[in-house]
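Reader: Please go through this model with me and say what each label rests on. I would like the cut-offs stated next to the values.

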Amino acid sequence: MTQSFRLENVGLINKDKKLSFKFNGKTYYGYEGDTLASALIANGVHLVGRSFKYHRPRGFFGAGVDEPYAVVQLYRNGETEPNIKATEQELFEGLEATSVNCWPSVNFDIGAINNFFRIFLHAGFYYKTFMWPKSFWYKVYEPFIRKAAGFGVVSTKHDKERYEHKYEYCDLLIVGSGPSGLASAYAAAKNGARVILAEDKPRFGGTLLTSEVNIGNQSGKEWAEGIIAELKEMPNVTVKNRSQVFGYYDHNMLVMSERISDHLPKTKKFHPKQRLWYIRAKEVLISSGSIERPIVFGNNDTPGVILSSAAKEYLKVYGVLVGRNPLIFTNNDSGYETAIEFKKNGVDPIILDTRKDPQSEIVDEAKNLGINIKFSYVVVAAQGYKKVKSADVAKISDDKEQLGAVENIKCDCICVSGFWTPTIHLASQSGNKTKFNEDIDAFVSGTSKQNEITLGAANGTYTLDETLKSSFETGHELSKKITNNDNKISFPNVVEKKSTTHDKFWCVPLPEGKNYKRFLDFQNDVAVSDVEIALKEGYRSIEHVKRYTTLGMATDQGKTSNLNGLQLVSSIENKIVPAVGHTTFRPPYTPVSIGAIVGREVGKHSKPTRKSPMHSWHEKNNAVFVDAGVWLRPRYYKQGNENLFEGSKREAKNVRTNVGVCDVTTLGKIDIKGPDVAELLNRVYTNAWLKLPVGKARYGVMLREDGIVMDDGTTTRISENHYHMTTTTAQAANVLSHLEYYLQLVWPELNVNVVSTTEQWAGAAIAGPKSRDLLQKLFPNSDVSNEGLPFMGYMEGDLFGVKARIFRISFSGELAYEVNVESDNGNFMWKKIMEIGEEFKVQPYGTEALSTLRIEMGHVAGSELDGRTIPYDNSLEGLLSKKKDFIGKRSLNREAFIAEDRQKVVGVVPLDKKTSIPEGSHLVKDSNAPLPNPKLGYISASCWSVEHDNPFSLAILKDGKNMIGEKLFAMSPLKNKVIPVEIISSHYVDPKGERVRS
Amino acid sequence: MLHIKCPHCGIRSQNEFSYGGDATVKRPELNKEISDQDWNNFVYNRKSLRGKHLELWQHLSGCRQWIKVERDTATHEIFNTLKANEDIS
């Protein structure tokens, strides 16, 4: 197919590079520099989709970010992406796109039947119609709506593209590279400020690319190119195109999405697809321009009805005619500029101007060119279904209420201009109190809450001279404030055509006996009649009207519809627009891909991975790893074809019979120094700490102020004023913050210093009856006998030239030690233990065996200290000092905490001694009781007891103290299991604790 | 994202800090009798103010100091930041 609507010698595209692409399966050609929209229009394709509700044919309405219709499904490099605006998507070789919201095809769409039933599809239709019968919702209504509605399909495949995040700081962030953006950026940059200039389009320059103006004896476009070239060379300036600043957040932080590879057939190696910028700016200049707003008339959604500014952009930037027989419908001078461009390129337009007798340079120019202009004329309705074929037009009375006789004019497009709406989204997001400007019938930014200023067309300034003057001035003033420099640049001479005022007319009345749909919101199919119904039904607040009718709610966020909606509400309500007020603008200004928001934090990259210094040894020895918070820990060391159950059982058994070694580097370690450490510990832990001698460790439990157990661990007195605290792996960071809180805020008089040393020490737990023999060979010069190093004792030792700390503490319930060396020596220590331990049959053991050992011993850990239990629940009440106060003590006499039948940790064995009980199972008295079956407790941890060779679990059970010997049922609806169990003591192995002291 | 001026380090982004609640709450003294009501107020009861609020933040990924921040809970405006041992004048 030929590009029959392409002009020669016009446009900024590269006609030397022809690109092929597919739309709805058909191959077309365009040029480098095209958007998908401009390339399709060049090929005469105007039907691109179906509307959301009525499935009416839809074409192109804009040429950029404001586009409500042309949303397509994009296929690129084997991936697919929905919600792509054809007006923004740049053409690349091999691009494929399809229409959305139509089935089976855009030309024959079954949903279009809605158009004939539209009488039923009015405002609030979904709320009213699909309510009954209730049973129809899941089977009939919802599947139907889901098939018929929606803008595209999300890929269910893993997104292989890379997305990045970047943090940046600057003096001035300037949003938009039109005349005001360029001028303010240039002035500020020349004055030494650090500037970021962001442009959402591929080309810089904004309206300078399409308007006939002259700046400093250059065309607007040449001037823009010169400024951009200079800015790009300056070290204090960052210039970014294809970058949309979409959100304005607190404390002048803005977020920008940069499309780096979306315009290429595939992303280059090592390049991201998109980059999200978090920009903290001292000052923000919003020069985001204006969006033309439509005039509302009958069938104004027919393909071929297009914004006049978009028609001009297609012509001047892409060399594409939106039609060969254009009708321009305008209430201001902007429409004339479009008409003049058509005329200059050999196309004869007709102008319908709602004004009676406008006088301006631009109008005169159109007249002089011999353009057919009809004053006081309006388009009553567009005619044609899939494309405009003609327009019904009529003269309108001076009061704009009465239509004259309707005439029909042949045309193939209607370019509409209802004046301009400043883009105030970012200003409004920043908290700016916007105000209504009567002169332009639109809201503009008012009182700033943050450091932002809106300039140029975004502020309702529509003359170039004024825009440039104020922008140079503002750029200079703001940068002077920051840099204290005062380099002024000379102001260029500006030549532009003068325009006159617009007509406030915005909605064409319906002719007698006609019932044309007059659309306000094109993406969500909201017509004038829908808003009228909403108001009749009593909706008053504009926020409610918006939600009831969905006006301005879709992905285009009502960029072209909001203001006309407000005008309608205010005219029905007989209020002025500012009294109605606008709906809240919220980020994002344009859709942002989920990939960009997530960035690199995907899968394993969503958090850091911490590895112990012995990690490589574990890897080499077939460790199967498990996530423990951010740490990777060996779960078991696989031998042959062992599974987790077999491997962990072997490891645990070896600890009980010989000796095992476990990497405990991950335990939190806090180094505590100062004369008042004992006093601090005495307040933080529930037991007494004032008399702990040097060279001794003690087990302690710490509570939160509400009496709930926060953490447990041992603390060792290394020397007079030096202690070493250990915490659980999971709570390490919280415990440090907890100590800092009390030291800095509550008891600043305590002379204590705390610092995390988790990463400084590598730790190995050596446990089992032969652990002392092994330890003695590791430290031949130390006396590690039961007398020399008793239970809870501490000493320093020399591990073949490496300084080591030896703690006699036990988690497994066996005779056990923990050896710490500086992290760099961790591997050396581990290898020595394995080498020397060989004769004692040492084996490494992982977290699964570690759990087994502690569970059958009845030692509580994370699954019992789960943030819901108090010391009594964990049978730790013996550690509660009665003599002294401590954090959380006062909470422990709460009624529920001292209840006679308070929950307590117990042991649980299945009656058949065979069936393992799933963790999380509920304990109930009667397995057949009607639901909800009263729950007495829950299984917190389960293991296979290696000592007894049968399953054993710990549970937190109501009145656990008096339940020993009871027979209950463990129910797991999740695993569909009901297991008869007996409640026993939680200490299943060595209940007297003799082994640790042996 | 807030921009918080740590009195020790200077202006930093919110993601270096963690929130610590109402800074005007005083922990009751140790070893002193206290009524259930007063203890409950200390542990649980907090006002959910709209407007100026003196609150605690810890500069977790920085100097690890707990600081006081006077912030408007509705507008997020920060009026003042103080060291742990300083009080609002």
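Author: Helices and strands are DSSP runs numbered from the N terminus, a helix being H or I over at least four residues and a strand being E over at least two. This is a predicted model, in which local features need pLDDT of at least 70 and side-chain atom pairs count only at pLDDT 80 or more, while totals for chains, interfaces and linings use all residues. Residues are numbered from 1 along each chain as its sequence is written, and chains are lettered from A and ligands numbered from 1 in the order in which they are written.

Reader: Where does Pro588(A) lie by that numbering?

Author: Pro588(A) is in the loop between helix 15 (577-580) and helix 16 (594-598) of chain A. The peptide bond joining Pro587(A) and Pro588(A) is cis, with omega about 0 degrees.

Reader: How do you know that the bond from Leu931(A) to Pro932(A) is cis?

Author: Its omega is near -5 degrees. Pro932(A) sits in the loop between strand 46 and strand 47 of chain A.

Reader: What makes strand 46 and strand 47 of chain A a pair?

Author: Two strands pair if DSSP finds at least two bridges between them. Strand 46 (residues 922-924) and strand 47 (residues 937-945) of chain A have two bridges, so they pair, in the antiparallel sense. Within this pair, Leu923(A) stands opposite Gly937(A). Both strands belong to a closed barrel of six strands in chain A, with the order 45-48-47-46-49-50 and antiparallel pairing. From one strand to the next the twist averages 45 degrees.

Reader: Which helix lies across strand 47 and strand 48 of chain A, and at what angle to strand 47?

Author: Helix 23 (residues 847-857) of chain A does, running at about 115 degrees to strand 47. Axes here are lines fitted to C-alpha atoms, for helices over the stretch in contact, and angles run from 0 to 180 degrees between N-to-C directions.

Reader: How many bridges join strand 21 to strand 22 of chain A?

Author: Six bridges join strand 21 (residues 377-383) to strand 22 (residues 390-395) of chain A, and the two run antiparallel. Val379(A) faces Val393(A) across this pair. The hairpin has six residues between the strands, and in it Gly384(A) takes a positive phi near 120 degrees. Strand 22 is also joined by four bridges to strand 23 (residues 407-410) of chain A, again antiparallel, with Asp392(A) opposite Asn408(A).

Reader: Why is Glu8(A) called exposed?

Author: A residue is buried if 20 or more other C-beta atoms, placed from the backbone, lie within 10 Å of its own, exposed if 12 or fewer, and partly exposed in between. Glu8(A) has 8 such neighbours, so it counts as exposed. Glu8(A) is in the segment before strand 1 (14-23) of chain A, and its C-alpha is 7.1 Å from that of Gly319(A), 311 residues away in sequence.

Reader: What makes a set of residues a nonpolar core?

Author: The members are buried Ala, Val, Leu, Ile, Met, Phe, Trp, Tyr and Cys residues joined through C-beta atoms within 7 Å. The largest core has 161 residues, of which Val195(A), Val379(A) and Ile414(A) touch the most other members. A second, separate core has 101 residues, including Ala764(A) and Phe807(A). Of the 998 residues of chain A, 51% count as buried.

Technical notes:
Two residues are in contact if their C-beta atoms, placed from the backbone, lie within 7 Å.
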